[in-house]
Amino acid sequence: MHAFEDKATGKEHLALTLGSIGGGEPVLIRLHSECLTGDALFSLRCDCGSQLQSALQQIAETGRGVLLYLRQEGRGIGLINKIRAYHLQDGGADTVEANQRLGFEPDLRDYGMCGEMLAWLGVSRVRLLTNNPRKVEQLQRQGVEVVERIPLETGQNPHNLRYLATKADKLGHLLDRSGMARCDEE
């Protein structure tokens, strides 16, 4: 476990590493933004906790990898505002609309510190577990070679179908919509 402080924001982030990650071979990684409700409280409103568990399992099965745990709760709006957004969602807003009604952009997360964290760890080539094309783009802009994007679709349930559809439709996440239909029918 390695801790990093983003001097620009004062936020502290973690890198969990397993095995030998140096040497230039592509490393399996996950950039995971903190989600207290999903990661620790097992919320069914999102897929975050399931994605975290799946990423850690895949890294363990591979025998080497990195999980960057980024302190960017609620797509960067913080825990209190995330709870406010939940109340707006309970009233009919989707996750993007709720953030916008609170005066925020749909996604305020910044992955600018990830390149420095990976460089410090000696990782320059990655196999990235993500559905979010922004993560691929931002890592590449920082000089990290993304040799493969590995989909991380897990945790779909009847309580988060609208959330997942909104991520695909409004935020450009690369999700298999047929899986959402199957989940909706169950």
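Predicted model: local features only at pLDDT ≥ 70, side-chain atom pairs only at ≥ 80, totals over all residues.
Let's start with the rings. A pair of aromatic rings is described by the distance of the centres and the angle of the planes. Searching the whole structure turns up 1 aromatic pair. Its members are Phe4 and Trp120, whose ring centres lie 5.5 Å apart with the planes at 85 degrees, so the pair is edge-to-face; the cut-off for that class is over 60 degrees. Because Phe4 belongs to strand β1 (residues 2-5) and Trp120 to helix α5 (residues 114-121), the pair ties together parts that are 116 residues apart in sequence.

Another ring takes part in a contact with a charge: the charged end of Arg45 sits over the ring of Tyr86, 4.1 Å from the ring centre.

Now for strand β3, which spans residues 27-33 and has 7 of its 7 residues buried. In a regular strand the side chains alternate between the two faces of the sheet. Here both faces are covered: Val27, Ile29, Leu31 and Ser33 are buried on one side, and Leu28, Arg30 and His32 are buried on the other.

Which strands pair with β3, and over how many bridges? The table gives both partners.

| Strand paired with β3 | Sense | Bridges |
|---|---|---|
| β4 (residues 65-70) | parallel | 5 bridges |
| β5 (residues 125-129) | parallel | 3 bridges |

How values were computed
Residues numbered from 1 in each chain as written. Heavy atoms only, no water. Phe/Tyr/Trp six-rings, centres within 6.5 Å; stacked < 30°, edge-to-face > 60°. Helix = DSSP H or I, 4+ residues; strand = E, 2+ residues; numbered from the N terminus. Lys NZ or Arg CZ within 6 Å of the ring centre and 35° of its normal. Buried < 20%, exposed > 50% of the residue type's maximum accessible area, 1.4 Å probe, protein only. Pairing = 2+ DSSP bridges.
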